[in-house]
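Here are a few exercises to work through with the viewer open. Try each task yourself before you read its solution.

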Amino acid sequence: MGPAVATPDLDTIWAAIDDQRLRTVAMLEGLTAEQWEHPSLCEGWTVRHVAAHLTLQRQHGPDIVRLLVEHPRLLRNVGLNRMIHDSAVLRAELPTDEIIARIRSGVGSRRHNSFVTPRETLTDSLVHAQDMAIPLGIDLEMRTRGALIALERTWAIRRTWLGTVNRQLPIDGYRLVATDADWTVGSGPQVTGPVAALLLLVTGRPVALARLEGDGAAQLKMQTRLA
């Protein structure tokens, strides 16, 4: 059995964020121009859009105001998800090297977006790295300890406004069991697998089902095909 859920200290969270940012940068530096334009797991976003979104993880009030002044059409957006989508599309207009440099510049910083916690920054970093890597066929490891922190947080907030940024898969009525950590939630048919796959599942990525097992996983695969 792997690590157990515990209240993580900020040093642990930020170390996991820094580690993922460095590995994301290393992956992006090795991509071809064609790979940058490849569709990601995020609907309507290419790999470039996802990478651009990761440059927007340290926005405070003045930064948001500046963005709206520079791009007033964002004010016409309705809803958080639309704002997130369109701001990434705009940021994706930056040169590739600049996008990579801005992600790298976050290493060592403890600044995070207003209205969220560092755990959301960690989740964003881990999951979006996979949103780029998986469609490209790149095996980018998701560290279990960081993924466990993100999984616990994502499960806890999934009924709040913060949870609305994720697609909601029909996971109620299932028992989710990690095979590489001491983590279990829910009741019903079992869905078992590594923490990384469970994190992708609870953040609304059906691709995770390929790495999950149990009667519940088989039922979920059927449900998502019919949805």
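**Exercise 1.** Find which side chains make polar contacts with the side chain of Gln57 in this predicted model, and decide whether Gln57 is buried or exposed.

*Solution.* 
- Step 1: Start with Asp124, whose side chain is joined to that of Gln57 by a polar contact of 3.1 Å.
- Step 2: Go on to Ser125, where a polar contact of 3.2 Å links the two side chains.
- Step 3: Place Gln57 in the chain: the residue lies in the loop between helix H3 (47-53) and helix H4 (61-70).
- Step 4: Check the accessibility. Gln57 has a relative accessibility of 5%, and buried means under 20%, so Gln57 counts as buried.
- Step 5: Complete the surroundings. Leaving aside residues up to four places away in sequence, Gln57 touches Arg21, Arg111, His112, Asn113, Thr121, Asp124 and Ser125.

**Exercise 2.** Work out how helix H1 (residues 10-29) and helix H7 (residues 118-133) are arranged: roughly parallel or roughly antiparallel?

*Solution.* 
- Step 1: Take the geometry: the helices pack at an angle of about 25°, and their axes are 9 Å apart.
- Step 2: Apply the cut-off. Angles under 35 degrees count as roughly parallel, and H1 and H7 are therefore roughly parallel to each other.
- Step 3: List who meets whom. From H1 the contact includes Trp14, Ile17, Arg21 and Leu28, and from H7 it includes Thr121, Leu122, Ser125 and Met132.
- Step 4: Sort the contact by class, which gives 13 nonpolar, four polar and two charged residues.

**Exercise 3.** Describe the setting of Tyr174: which side chain does its own side chain meet in a polar contact, and which residues does Tyr174 touch?

*Solution.* 
- Step 1: Locate Tyr174 in the loop between helix H8 (144-157) and strand S1 (175-178).
- Step 2: Read the relative accessible area, which is 6%, so Tyr174 is buried.
- Step 3: Look for the polar partner: a contact of 2.4 Å joins the side chains of Tyr174 and Gln223.
- Step 4: Collect the other neighbours. Not counting residues up to four places away in sequence, Tyr174 touches several residues, among them Val185, Pro189, Val191, Gln219 and Leu220.

**Exercise 4.** Summarise the whole chain: how many helices and strands does it have?

*Solution.* 
- Step 1: Count ten helices and three strands.
- Step 2: Note that buried residues make up 48% of the 227 residues.

Key. Residues are numbered from 1 along each chain as its sequence is written. This is a predicted model: local features need pLDDT of at least 70, side-chain atom pairs count only at pLDDT 80 or more; totals for chains, interfaces and linings use all residues. Side-chain values use heavy atoms; hydrogens and water are left out. Helices (H or I, at least four residues) and strands (E, at least two) are DSSP runs, numbered from the N terminus. Buried means under 20% relative accessible area, exposed over 50%, partly exposed in between (1.4 Å probe, protein chains only). Contact means heavy atoms within 4.5 Å. A polar contact is a pair of N or O atoms within 3.5 Å; within protein, one must be able to donate a hydrogen and the other to accept it, and residues adjacent in sequence count only if both atoms are side-chain atoms. Axes are lines fitted to C-alpha atoms, for helices over the stretch in contact, and angles run from 0 to 180 degrees between N-to-C directions. Angles under 35 degrees count as roughly parallel, over 145 as roughly antiparallel, 65 to 115 as roughly perpendicular and the rest as oblique. Ala, Val, Leu, Ile, Met, Phe, Trp, Tyr, Cys and Pro count as nonpolar, Asp, Glu, Lys and Arg as charged, and the others, Gly among them, as polar.
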